[in-house]
Each structure stands twice: as C-alpha cells, then as structure tokens.
Amino acid sequence: MAKADLHVHSTASDGLLSPTKVVEAAARAGLGAVALADHDTVGGLDEAMEAGRRLGVEVVPAVELNTDFGLVEIHILGYFFDWKSPKLLEKLAKLRHARVERGRKMVEKLRELGVPLTMERVLEHSGGGSVGRPHVAHALVEMGAVPNTNEAFNQFLVRGAPAYVARTKMTPVDAVNVIMEAGGVAGIAHPAKAGRDRLISDLVKYGLGAIEAFHIDHGPDYARHYQALARRFGLIPTGGSDAHGFDSNGVSTIGNTTVDMEIVELLREAAPAANA
C-alpha cells in the first residue's frame, strides 16, 4: 500500500530540492502523497502541484509556521487549507518580510564580529525563498568562516550565540488560528523536540487537530507516546521525514518516515477548505 510523507521542505524555504524535485523524489520513493510544508510560505505549491499531476503523486498543501512558547520553539503544521486565501497570503508575506529583516540583523552582527558576510549572498542562498538561519549558515560555510553548518549554528546562530537574533514573535495559538481561519487542519510538529507536552491540551482547546507522532527524530517510544496522546485528545497522528535534502551518502531523505494514506484522508475530511 502506498504511503505518505507529510512533512517535506523545498527551496521555497530552506530545503535543497526544488518543489518539482521534491515530488520527483517522492515518486521514486513510491509515495502516494507528499506534503510540501515550507516555512512561512506556500510559494512552492503551484510548481509542486503541477509535478504531482504529471507524476501521479498527490501533493498535500501544507505549511510550517515557526512559533515561540517562552524560550522554546514550537512548530505548527497546517494541512489542506485554502492556500490562495488573501488573508493567509498577507500573513505569510509579513512573516517572510520579518525573516529577511532578521537575516539582515544577523549579517550586521556577524560583520561587527569581523565576519565580512553580505546580505546579498544570504539572499542568493535562499534562492528567492523564505529566508532562514540555514541560508546564513550555508553562506558562512561557503566563505570559509566555519567548516560546516553545524559549527555555524553553534558558534554564531543559536540562541545565546553572538550573532543570534530573535524572530518576530508568533505564539502557537496564533499559528493554529491562522491555519484554521484558512480552513485547514493545524498540527504540532515534532513535539518531542520541543518537550512541552503540557501545551498540547491547551492547543486542543483552540482547535489543534493533529500531532506529528512519527518523525525522523522520534524513536519507537516517542511514536507510541504521541500516538497515545493523539488517541487521548482525538488528534490525527501525522508523520513525515522533515526532509530538507540528502543524507550523508547524497541520497534524498524524502520518504524516510511515512504514514498510511488513510491519514491523508482523515486530514482531508477534517479540513473545511477541502470540502467546500
């Protein structure tokens, strides 16, 4: 039976594959569906949808919104929303503008530290997509300031590091509301990474409809734990690879973590926009 990878990124945000290449990789992996869930943008969906029609892979409209809960990042996934909604597009545009300004401030801090990085180079690494810290990290590696992206983050870009700049604040409740207003299903991404399970019951009160029980960073124990939470709160247990590119052997990681196609149908049935 075909499977679905419901958490994949492309060059529309911080992935290494174009939306078309993402769908082609999904087809090679034998997937029935793939969700393009770029950060704060739906800019890759038109291209991905066209590739999906050509290759016989369903492309689930998705997005990943980065939010803050105190000092912890909480990522909210949205599925099957109206991705042409003017209100949604306006909100995402503001978030992307804030990302550019954040990148600019990080570059300024790096230059004050004696690292002659330019914002132009960061933007080139973003390829016109949603700007993020990985683009700054790749630019730092390219110029030889650090040996790899992990070191770029550890030395300069993580919270508390000298070039770190906080994001424009969005709460998890805000993100859930954004998705629901666009007629979609909101889910919490890779909850084990955040370690804030107590937040889940609160978000359910505001309309959270899914939880990413299966993730490349969730071992079997975490998967069972979040499946149990899904049953407890009546949430749809989603899953995905969170693929941004390739593994250490240069192989695409799309399809490394999947769920049954039944989950796609449950999300579709739960999304008002998909049934309008």
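**Pockets and cavities in a predicted model**

Modeller: Asp14, Leu16, Pro134, Ala137, His138, Thr149, Asn150, Phe153 and His244 line the second largest pocket. The model is predicted, so local features need pLDDT of at least 70 and side-chain atom pairs pLDDT 80 or more, while totals for chains, interfaces and linings use all residues. Residues are numbered from 1 along each chain as its sequence is written, and side-chain values use heavy atoms, with hydrogens and water left out.

Biologist: What is a pocket, and what is a cavity?

Modeller: On a 1 Å grid over the protein atoms alone, a cavity is a set of points where a 1.4 Å probe fits but cannot get out; a pocket is an open set with protein on both sides within 12 Å along at least five of seven lines; lining residues have an atom within 4 Å of a point.

Biologist: Which elements give two or more residues to the lining of the second largest pocket?

Modeller: Helices (H or I, at least four residues) and strands (E, at least two) are DSSP runs, numbered from the N terminus. Here the elements are H5 and helix H6 (149-157). This second largest pocket has a volume of about 230 Å³, a volume being the space filled by probe spheres set on the points, which are joined across faces, edges and corners.

Biologist: How do the residues of its lining divide by class?

Modeller: Ala, Val, Leu, Ile, Met, Phe, Trp, Tyr, Cys and Pro count as nonpolar, Asp, Glu, Lys and Arg as charged, and the others, Gly among them, as polar. The second largest pocket has 4 nonpolar, 4 polar and 1 charged residues in its lining.

Biologist: How much space lies in the largest pocket?

Modeller: About 650 Å³. It is lined by 28 residues, and the closest to its centre are Glu73, His75, Arg133, His190 and Lys193. Strand S4 (72-79) is one of the elements that give two or more residues to this lining, and S4 gives the most, with 4. By class, the lining of the largest pocket holds 9 nonpolar, 8 polar and 11 charged residues.

Biologist: How many cavities of 30 Å³ or more does the structure hold?

Modeller: There are 2. The largest has a volume of about 90 Å³, and its lining includes Asp40, Asn66 and Leu95. Helix H3 (residues 86-112) gives the most to that lining, with 4 residues.

Biologist: Which residues line the second largest cavity?

Modeller: Arg99, Arg102, Met106, Val131, Gly132, Arg133 and Arg167 do. They divide into 2 nonpolar, 1 polar and 4 charged. The volume of this cavity is about 40 Å³, and H3 gives the most to its lining, with 3 residues.
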